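Keep the sequence and the 3D view open side by side while reading.

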Amino acid sequence: MTDKITANKVVTLTYTLRVDGEIIDQSRDGSPLLYLHGAMNIVPGLEEQLEGAAQGDTVTATVPPEKGYGPRIGEAQEVPRHLFPDDAELAAGMQVIAHDDEGRQIPFFITGISDEAITVDPNHPLAGETLHFEVTVEALRDATDEEIEHGHPHGPGGHHH
Ligand code: ZN
């Protein structure tokens, strides 16, 4: 019986991600992606479409924004530089977590930096985009109890503590 992707499998993938025909991301040679199936390590739409795939399968998955990085929510805005701590390491593309008055976490992405202002965008860079994945299942194994407890894979290519 061939092993299939189900919850609590650690899956090794190579992948190419395209948006509007342009390659946005891909696994580099020799460094495939490891994820724990069913643990939301990857976008939900891709996880859904990989369910039941076997080692060696190539899966082409089209993922709409609501099952990818979400719809766009609001606009980028400039925040005065002095509102950030002096020693904060800030870089374009970085995700920062702000807290509202009730302590809820609000993630932002830094999209621009000048001496006076930081441009922050509440949208993930791929929010609102339809994602086209081409994924090959390179390997597949049962997760350990520890991996299931942590919600991510361990070992080479996985999470290091
Ligand atoms: Zn862990």
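Start at Leu 50, which touches Ile 5, Leu 13, Tyr 35, His 37, Ile 42, Val 59, Val 135 and Val 137, not counting residues up to four places away in sequence. Contact here means heavy atoms within 4.5 Å. This is a predicted model, in which local features need pLDDT of at least 70 and side-chain atom pairs count only at pLDDT 80 or more, while totals for chains, interfaces and linings use all residues. Residues are numbered from 1 along each chain as its sequence is written, and side-chain values use heavy atoms, with hydrogens and water left out.

Leu 50 is also one of the residues that touch the most other members in the largest nonpolar core, together with Ile 5, Leu 46, Leu 131 and Phe 133; this core has 21 residues. A nonpolar core is a set of buried Ala, Val, Leu, Ile, Met, Phe, Trp, Tyr and Cys residues joined through side-chain atoms within 4.5 Å. Buried means under 20% relative accessible area, exposed means over 50%, and partly exposed lies in between (1.4 Å probe, protein chains only). At least two residues of this core come from each of E1, helix H1 (44-50), E4 and E9. Apart from it lies another core of seven residues, including Val 79, Phe 84, Val 96 and Val 120. In soluble globular proteins, nonpolar side chains tend to be buried together.

The element names follow DSSP runs numbered from the N terminus: helices (H or I) have at least four residues and strands (E) at least two. The protein has two helices and nine strands, and along the sequence they follow the pattern β-β-β-α-β-β-β-β-β-β-α. The C-alpha trace spans about 60 × 35 × 30 Å along its principal axes. Of the 161 residues, 35% count as buried. Among contacts between residues at least 6 apart in sequence, 62% join residues at least 24 apart.

His 37 lies in the loop between strand E3 (33-36) and H1, and it is buried, with a relative accessible area of 2%.

Asn 8, in the segment before E1, has a positive phi of about 70° although it is not a glycine. Met 40, in the loop between E3 and H1, has a phi near 60°, again positive in a residue other than glycine. Most residues other than glycine have a negative phi, and most peptide bonds are trans. Asn 8 is partly exposed at 35% relative accessibility, whereas Met 40 is exposed at 55%.

Now turn to the charged side chains. The whole structure holds seven salt bridges, each being a side-chain nitrogen of Lys or Arg within 4 Å of a carboxyl oxygen of Asp or Glu. One of them joins Asp 142 and Lys 9, at 2.6 Å from N to O. Asp 142 lies in strand E9 (residues 131-142) and Lys 9 in strand E1 (residues 9-19), so the pair ties together parts that are 133 residues apart in sequence. Asp 3 is linked with Lys 9 and Asp 142 in a network of salt bridges.

Another salt bridge joins Arg 72 to Asp 121, with the closest N and O atoms 3.7 Å apart. Arg 72 is in the loop between strand E4 (58-63) and strand E5 (77-80), and Asp 121 is in strand E8 (residues 117-121), 49 residues apart. Arg 72 is partly exposed at 46% relative accessibility, and Asp 121 is buried at 10%.
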